[in-house]
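Please walk me through the model shown here, from the overall chain down to single residues.

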Amino acid sequence: MIPRWRFPGLRMLPCLAELAAPLWSQVPIPAAELAKLPPPLTRPVDFKTEVYPLFKAACFKCHGAEKQKGKYRMDTREGAFKVTGDHGPAIQAGKSTQSAVILMAAGLIDEMLMPPPGGKPGESDPLTREQISLLRGWIDQGANWPDGPIAEVITPVRFDPDIRKLLSEACARCHSGASAEGGFSMESLERVLAGGKSYGKVVAPGDPKKSSLLTILAGKDEDIPKPESHRIADKGLKQVEEWIRQGAK
Ligand code: HEC
Ligand code: HEC
């Protein structure tokens, strides 16, 4: 089959006057819209530790090894740089304002906000301006993406200081000192692992699925008193989950 982008079609006619007209059929975005994009970061952006983890968290659920929505797969270099159906190259090295991933993440293409809205809370949050600046910086700096599989960079999450800080803010007022509610205290790793009087252990090190703490913090435990005091923001929830996955140390 002849790829569609070789035949730009009638709507490209106004652009043919410009010598720089691209070969693919890319719906042009008005300059005034492009001007609203968050500016690219000027400091060097690192692909492995900054860009790949962001794509992984925000996009791979639908564009990874398991699902390729819109026939787009972005966990490999080859897939990520594809020329999209209607909006030009997904990633164009050196040209962030002509890269569909930026235009879509910023909501500049009708009905193509990525990630799409309307998923579960926390799963489809739009990228922040800072994240778009980061991605623009990376693309404008050449969109470096080494060949081959990307070795995962896992940031260790430990009780000290990460989880202690989180639980101090969210739980200490009811779960520390002599009057810790339900006998559950967040004051030390040992106490958190010991659990509470009626729930018993709420953390199964290495096994997030068996850790009822995550159900409680997600606001999904129907028996906990004051459920609203127990629900924490999604970012914190993910951190606690990662901490448990890494062995709850
Ligand atoms: C919840 C699922 C979901 C998530 C998460 C998601 N997408 Fe999509 N994406 C889609 C769907 C569905 C389509 C096809 C939409 C259509 O064609 O109408 C699509 C299409 C695209 C396309 C166009 C592909 C083509 O060839 O036309 C690009 C580029 C894209 N997404 C980028 C991203 C980026 C970048 C992210 C992360 C910031 C992301 N998507 C996150 C569901 C998702
Ligand atoms: C406003 C006070 C309050 C806050 C804040 C709070 N809790 Fe609770 N928590 C309670 C009460 C009340 C109970 C029920 C105690 C009982 O049954 O005697 C409880 C019970 C629990 C239990 C079950 C203990 C048992 O009985 O086995 C766990 C685990 C727990 N909370 C964890 C947390 C965590 C983690 C946080 C922080 C994200 C938190 N709680 C925040 C008041 C609070």
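What percentage of the 249 residues in the chain is buried? Buried residues make up 22% of them. A residue is called buried if 20 or more other C-beta atoms lie within 10 Å of its own, exposed if 12 or fewer, and partly exposed in between, with C-beta atoms placed from the backbone.

This is a predicted model, in which local features need pLDDT of at least 70 and side-chain atom pairs count only at pLDDT 80 or more, while totals for chains, interfaces and linings use all residues. Residues are numbered from 1 along each chain as its sequence is written, and chains are lettered from A and ligands numbered from 1 in the order in which they are written.

The predictor's confidence in each residue is its pLDDT, from 0 to 100. The chain has a mean pLDDT of 89, and 88% of its residues reach 70 or more. Over residues 1-21 the pLDDT is below 50, and this stretch has 15 contacts in the model beyond near neighbours in sequence. Two residues are in contact if their C-beta atoms, placed from the backbone, lie within 7 Å.

The chain has 12 helices and zero strands. Both kinds of element are DSSP runs numbered from the N terminus: helices are H or I with at least four residues, and strands are E with at least two. Of the contacts in the chain with a separation of 6 or more, 47% join residues 24 or more positions apart.

One helix can be followed in detail. Helix α7 covers residues 129-140, 12 residues in total, and reaches 16 Å from its first C-alpha to its last, close to the 16 Å expected at 1.5 Å a residue. The expected span is 1.5 Å times one less than the number of residues in the helix. Buried in α7 are Ile-132, Leu-134, Leu-135, Arg-136, Trp-138, Ile-139 and Asp-140. An α-helix has 3.6 residues a turn, so residues three or four places apart point the same way. The cover over the buried residues of α7 includes α3 (47-58) and α6. After α7 comes Gly-142, with a positive phi near 115°.

The two ligands come next. Around ligand 1 there are 22 residues, and the closest are Cys-59, Cys-62, Gly-70, Thr-84 and Met-114. The elements that give two or more residues to this shell are α4 (60-63) and α6 (100-105). Helix α6 gives the most, with four residues. A residue belongs to such a shell if its C-beta atom, placed from the backbone, lies within 6 Å of the molecule. By type, the shell around ligand 1 divides into 13 nonpolar, six polar and three charged residues. Here Ala, Val, Leu, Ile, Met, Phe, Trp, Tyr, Cys and Pro count as nonpolar, Asp, Glu, Lys and Arg as charged, and the others, Gly among them, as polar.

Pro-115 is in the loop between α6 and α7.

Which residues come nearest to ligand 2? Of the 23 residues around ligand 2, they are Cys-171, Cys-174, Gly-182, Gly-196 and Tyr-199. Two or more residues of this shell come from each of α8 (159-171), α10 (212-217) and α11 (227-230). The largest share, three residues, comes from α8. The shell around ligand 2 holds 12 nonpolar, seven polar and four charged residues. Helix α8 also contains Pro-161, and the peptide bond from Asp-160 to Pro-161 is cis, with omega near 5°.

Some single residues remain. Gly-200 lies in the loop between α9 (189-194) and α10, and counts as exposed because it has 9 C-beta neighbours inside 10 Å. Lys-226, in the loop between α10 and α11, has a phi near 50°, a positive value in a residue other than glycine. Lys-226 is exposed, with 9 other C-beta atoms within 10 Å.

The segment after α12 (234-245) holds Gly-247, which touches Pro-205 and Gly-206, not counting residues up to four places away in sequence. Gly-247 and Pro-205 are 42 residues apart in sequence but 4.5 Å apart in space, C-alpha to C-alpha. Is Gly-247 buried or exposed? Gly-247 counts as exposed because it has 12 C-beta neighbours inside 10 Å. Ala-248 is also in the segment after α12, and counts as buried because it has 22 C-beta neighbours inside 10 Å. The phi of Ala-248 is near 50°, a positive value in a residue other than glycine.
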